[in-house]
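User: Can you walk me through this one? I'd like the surface, the fold and the aromatic pairs.

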Amino acid sequence: KDVWGVIPAVDSGICDDDVEYSHAAATLVVPGAASGELYRCHKGSSCVITVTGWSLKESDRIRVLALGTPCGTTASFDAGFLSGPGTGSATSRAFQAGLALAPPASFTVCYCATYDGDDDDSLACTSDTEFTHEAGTLVVRGVAGAATYYCVK
């Protein structure tokens with residue numbers, strides 16, 4: 001869970017013992033996806049990826065990468081899914097990822113929590129490094145297609 005209590009230390013000069021942290025001062029919420037979710041789409045069908053998390057915004061985005069590709073790094077694979085705004089609430093957003101045209105496989109879904117990193121623009125969620133964490137895994141199911149099958153009598 002990405003919500004923590006912030007507790008100031010009692011001023012004893014050292015702050016090296018739990019008893020010196022006497023009361024809650026604030027709540028720290030780290031916005032973004034909950035992680036570890038499993039999403040499913042069928043090849044050739046509309047794909048909707050519903051992400052749950054904390055403090056999710058309309059300006060957040062997803063990016064679908066090859067399975068195992070670490071989020072926040074330069075992506076060398078584009079699975080062909082869209083990354084438009086999601087609809088929903090601060091705890092659940094549905095992203096219309098377009099038609100699942102990728103071959104049946106599993107993919108990593110990365111999340112950008114309206115973050116503008118150290119890149120050439122001043123816009124959030126425009127570069128690979130701004131998709132800082134994994135939301136889950138997308139599994140595209142269906143037949144690979146373009147195959148020839150023979151019947152044997």
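**Surface, fold and aromatic pairs**

Analyst: The accessible surface of the protein comes to about 9200 Å², and 55% of that belongs to carbon and sulfur atoms. Areas come from the Shrake-Rupley method with a 1.4 Å probe, and for residues only the protein chains shown count as cover. This is a predicted model: local features need pLDDT of at least 70, side-chain atom pairs count only at pLDDT 80 or more, and totals for chains, interfaces and linings use all residues. Residues are numbered from 1 along each chain as its sequence is written, and side-chain values use heavy atoms, with hydrogens and water left out.

User: How many helices and strands?

Analyst: Zero helices and 10 strands. These are DSSP runs numbered from the N terminus, helices being H or I of at least four residues and strands E of at least two.

User: On to aromatics. How many pairs?

Analyst: Two aromatic pairs. Rings of Phe, Tyr and Trp (its six-membered ring) pair if their centres lie within 6.5 Å; planes under 30 degrees apart are stacked, over 60 edge-to-face, the rest tilted. Phe-81 and Phe-107 are edge-to-face, at 5.9 Å centre to centre and 70° between the planes.

User: Where do Phe-81 and Phe-107 lie?

Analyst: Phe-81 is in the loop between β6 (61-66) and β7 (87-88) and Phe-107 is in strand β9 (residues 105-112), so the pair ties together parts 26 residues apart in sequence. Phe-81 counts as buried at 11% relative accessibility, and Phe-107 is buried at 4%.

User: And what about Phe-95 and Tyr-111?

Analyst: Phe-95 and Tyr-111 form an edge-to-face pair, 6.0 Å centre to centre with 80° between the planes. Phe-95 sits in strand β8 (residues 92-99) and Tyr-111 in strand β9, 16 residues apart. Phe-95 is buried, with a relative accessible area of 1%; for Tyr-111 the value is 0%, also buried.

User: Which residues touch the most other members in the largest nonpolar core?

Analyst: Ile-49, Val-51, Phe-81, Tyr-111 and Leu-138, in a core of 22 residues. A nonpolar core is a set of buried Ala, Val, Leu, Ile, Met, Phe, Trp, Tyr and Cys residues joined through side-chain atoms within 4.5 Å. β4 (37-42), β5 (46-54), β6, β8, β9 and β10 (133-141) each give two or more residues to this core. Another core, of six residues, lies apart from it and includes Leu-65, Cys-110, Cys-125 and Phe-131.

Note on methods. Buried means under 20% relative accessible area, exposed over 50%, partly exposed in between (1.4 Å probe, protein chains only).
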